[in-house]
Amino acid sequence: MKVLVINCGSSSLKFQLIDSATEALLAKGLCERIGLDGSQLVYQPEGGEKEKSLSPMPTHTQAVSLVLAALHNDKTGVIKDLSEIGAIGHRIVHGGEKIAQSSVITDELLQIVEDCNDLAPLHNPANLIGIHACREVLPQVPMVAVFDTAFHQTMPEHAYLYGLPYELYTDHQIRKYGFHGTSHQYVSKRAAQLVGRPYENLKTIVCHLGNGASICAVKDGISIDTSMGMTPLEGLVMGTRSGDIDPGVLDFLQKKAGLNWDEIIDMLNKKSGVFGISGISSDFRDLEAAAEKNDPAGKRALDVYEYRVAKYIGSYVAAMNGVDVICFTAGIGENGPDTRANVCAYLGYLGIEIDKEANAIRGQEKLISTADSKVKVYCLPTNEELAIARETVALVK
Ligand code: ADP
């Protein structure tokens, strides 16, 4: 079966077409600036050139139609007929407390997603638009929703409750939910395969270090804690997000710096993180280049970033009473040998030793710890789209 995987944002739509039998990627692409001037479709058949075409996309429905046209165009299309698409898997950001696993999309499920709009106001409404657009264009095709939060629904109460009045949880569902669940699950399962041990009997820490970044403690096959919270702002220092800060800072900013709430939240989401600390960039390639030229701002940002990652790893070792495997994944985790090495340099007390030569890789699945290391450390590329395709096939079969 061919599965179309959709990740829909408010003005963008990323897609991949995956052959579930071989798990091969057939084509991928992106619609940008939907509903805006200058909208563009980027389409790339596997092994082929990237094609960019400016096309008006007033709505997401239009965008989905253009994606389908690209997928079965005469020259570079990868399917002969739209009926070859057997299912669609949608990435949904927030499923709240009601969703602990992927689900076939029904009207009831859409209501649950809509009920979570307040918890993810930037993402869930956009995800829903993507689902409605696909329903309009391909009404016969079964669809599955795969949630970023679902994997973390196994967290125990002592991990997900904040130190706030309990009514805030019961009345407003204010608690830690966690994100990147699809990636954390995919990577931790793959790690178990690589070390040849049962997933249900392994302590793994997954460091998903992309623009957005989170760490997850996976014990005996379930998520027991993760660094993102009710929103993706908590936890690690990220590309442009602050991660954990003293809530007292917010009051200070309002009173002393005269910022209003929208400005504060915008700053925490878009102007903070390594971008804010360095004043250079949110991209680690730029920061590493700056640090190499002895620019203290670049080095400072990297130091803060790596320290926070190491600190979270330490806390999850405590939470699990040990760790067997640590995995680095996503843009920086997969492509940042220095970041991996510097984080692991804090972890000598765990008996972790990094093999310098093995670690000198980018974007490959590889054991990067030495044979003597007490904990196995992997560079392990994530593949959220493949994970979504697998979940989708399992549910529609
Ligand atoms: P997201 O999916 O959250 O947008 P990614 O997982 O694609 O993020 O990660 C993007 C980040 O990965 C970039 O901002 C950059 O910092 C980092 N990155 C990508 N390639 C490299 C590289 N070759 N070296 C160091 N960092 C890299």
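1. Ground rules. The model is predicted, with local features needing pLDDT of at least 70 and side-chain atom pairs counting only at pLDDT 80 or more, while totals for chains, interfaces and linings use all residues. Numbering runs from 1 along each chain as its sequence is written, and side-chain values use heavy atoms, with hydrogens and water left out.

2. Who sits around the ligand. Taking residues with a heavy atom within 4 Å of the ligand, the shell consists of Gly 210, Asn 211, Gly 212, Asp 283, Phe 284, Arg 285, Ala 330, Gly 331, Ile 332, Asn 335 and Arg 362. By class there are three nonpolar, five polar and three charged residues (nonpolar is Ala, Val, Leu, Ile, Met, Phe, Trp, Tyr, Cys and Pro; charged is Asp, Glu, Lys and Arg; the others, Gly among them, are polar).

3. Where the shell comes from. Helices H10 (284-292) and H12 (330-335) each put in at least two residues, and H12 gives the most, with four. Helices here are DSSP runs of H or I with at least four residues, strands are E runs of at least two, and both are numbered from the N terminus.

4. Polar contacts (N or O pairs within 3.5 Å) reach ligand oxygen from the backbone of Phe 284 at 2.7 Å, of Gly 331 at 2.8 Å and of Gly 212 at 3.4 Å. The ligand taken alone exposes 580 Å², and the protein buries 70% of that (Shrake-Rupley areas, 1.4 Å probe).

5. The tyrosines. Five aromatic pairs turn up in the whole structure, counting Phe, Tyr and Trp rings (for Trp, the six-membered one) with centres within 6.5 Å. One of them is Tyr 160 with Tyr 169, tilted at 5.7 Å between centres and 50° between planes; stacked would be under 30 degrees, edge-to-face over 60, and tilted is the rest. Tyr 160 is buried because its relative accessibility is 11%, and buried means under 20%.

6. An arginine over two rings. Arg 175 lies over the face of Tyr 160, 3.7 Å from the ring centre, and its charged end also sits over Tyr 177, at 4.7 Å. The test is Lys NZ or Arg CZ within 6 Å of the centre and within 35 degrees of the ring normal.

7. Ser 39. This loop residue falls between strands S3 (24-32) and S4 (40-45). Ser 39 counts as buried because its relative accessibility is 4%. Its side chain has a polar atom 2.9 Å from the backbone oxygen of Ser 55 and one 3.0 Å from the backbone nitrogen of Met 57.

Definitions and conventions. Polar contact = N/O pair within 3.5 Å; in protein donor to acceptor, adjacent residues only side chain to side chain. Buried < 20%, exposed > 50% of the residue type's maximum accessible area, 1.4 Å probe, protein only.
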